[in-house]
Amino acid sequence: MQIVPIPAFNDNYIWLMHDGRNALVVDPGDAKPVQDFIVQNDLTLRAILITHHHMDHTGGLPAFAQQCPVFGPSTETITGVTQPVHEGDEIRIPHMEVTFRVLDMPGHTLGHVAYVGPDLVFCGDTLFSAGCGRLFEGSPAQMRDSLTKLAQLPPSTRVFCTHEYTLANLAFSQAAEPDNPDRDEWLARCQRLRAEGKPTLPTTIGLERKINPFLRVQEPSLIEGLSGYVGHVPKDPVHAFAALREWKNNF
């Protein structure tokens, strides 16, 4: 099973998983690059996974109408979704030896979901490398809970998020937690990858626990930097997360 990033727009990745014959696609915001890849590689589209309703994740759906099942969050209105899903559901992809379980991920949007597969997660705009999604609909507490849920996955879990935000996120991480050798090592690697025109993704849950400030709001080194920004020690992890997200928004 291979997973390839199909670039779209300015910084989106549309992830396509295939076995050489059959394919599934995650968040096809733009249909054409997906269609081109499928034709060039003689693949049959078997399923589409949608994480949330934003157009850069759903805009290509009309082009794939009635071609295959389209799985998406049950609490969001998304034209083209044929199989509404929510946490606890298990998805078996037709003609492919792969199964996903669904996690609810409110925060970026209220109905956002993630799909956990074999040592991987397609997490949309919830978790990024060294960052997390903006809170357009959900609360800091909801996003904090969603990130905690992801952080509890096995460390080897590969994280397939949908934007190339890594270098910008790492620049903020340097400000929030200046002394983090693991982060600095990852930054150097990502700079090399981008200089070569390569994606910095996927990352892993284990790495993100070490370098992502939004997963580290209880770490003393992060609290120290955050306290300097807000002028006091946050009273709990949710308040720390909210202050960190506000700092990142204004960074």
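This note goes through a sheet, its strand pairs, the helix packing and some backbone details.

1. **Ground rules.** This is a predicted model, in which local features need pLDDT of at least 70, side-chain atom pairs count only at pLDDT 80 or more, and totals for chains, interfaces and linings use all residues. Residues are numbered from 1 along each chain as its sequence is written, and side-chain values use heavy atoms, with hydrogens and water left out.

2. **The sheet.** Six strands make an open sheet, and their order is β7-β8-β9-β10-β13-β14. The pairing is mixed. Strands here are DSSP runs of E with at least two residues, helices are runs of H or I with at least four, and both are numbered from the N terminus. Two strands pair if DSSP finds at least two bridges between them. Strands of a sheet pair through backbone hydrogen bonds, either parallel or antiparallel. At the edges sit β7 (90-92) and β14 (203-204), and each of them pairs on one side only.

3. Start at β7: it pairs with β8 in the antiparallel sense, over three bridges. Glu-90 has Arg-101 in β8 as its bridge partner. The hairpin of β7 and β8 has six residues between the strands, and His-95 there takes a positive phi near 70°. Next, β8 and β9 are antiparallel, with four bridges. Val-102 is bridged to Tyr-115 in β9. Then β9 (residues 113-117) pairs with β10 (residues 120-124), antiparallel over three bridges. Tyr-115 stands opposite Phe-122 in β10.

4. **A helix on the sheet.** Helix α3 (residues 140-151) lies across β8 (99-104) and β10. α3 runs at about 150° to β8. Axes are lines fitted to C-alpha atoms, for helices over the stretch in contact, and angles run from 0 to 180 degrees between N-to-C directions.

5. **α3 against α8.** The axes of α3 and α8 are 9 Å apart, and the packing angle is about 100°. The two helices are therefore roughly perpendicular (under 35 degrees is roughly parallel, over 145 roughly antiparallel, 65 to 115 roughly perpendicular, the rest oblique). From α3 come Pro-140, Ala-141, Met-143, Arg-144 and Leu-147; from α8 come Pro-237, Val-238, Phe-241 and Ala-242. Contact means heavy atoms within 4.5 Å. The contact residues divide into eight nonpolar, no polar and one charged. Ala, Val, Leu, Ile, Met, Phe, Trp, Tyr, Cys and Pro count as nonpolar, Asp, Glu, Lys and Arg as charged, and the others, Gly among them, as polar.

6. **α7 against α8.** Helix α7 (residues 220-230) and helix α8 (residues 237-249) cross at roughly 65°, with axes that come within 10 Å. In α7, Leu-222, Ile-223, Gly-225, Leu-226, Tyr-229 and Val-230 take part; they meet Ala-240, Ala-243, Leu-244, Glu-246 and Trp-247 in α8. These residues divide into nine nonpolar, one polar and one charged.

7. **Aromatic pairs.** How many aromatic pairs does the structure hold? There are 10. Rings of Phe, Tyr and Trp (its six-membered ring) pair if their centres lie within 6.5 Å; planes under 30 degrees apart count as stacked, over 60 as edge-to-face and the rest as tilted. Phe-214 and Phe-241 form an edge-to-face pair, 5.7 Å centre to centre with 70° between the planes. Phe-214 lies in the loop between α6 (205-211) and α7 and Phe-241 in α8, so this pair ties together parts 27 residues apart in sequence.

8. **Backbone details.** The peptide bond from Leu-201 to Pro-202 is cis, with omega near 5°. Pro-202 lies in the loop between α5 (181-195) and β14.
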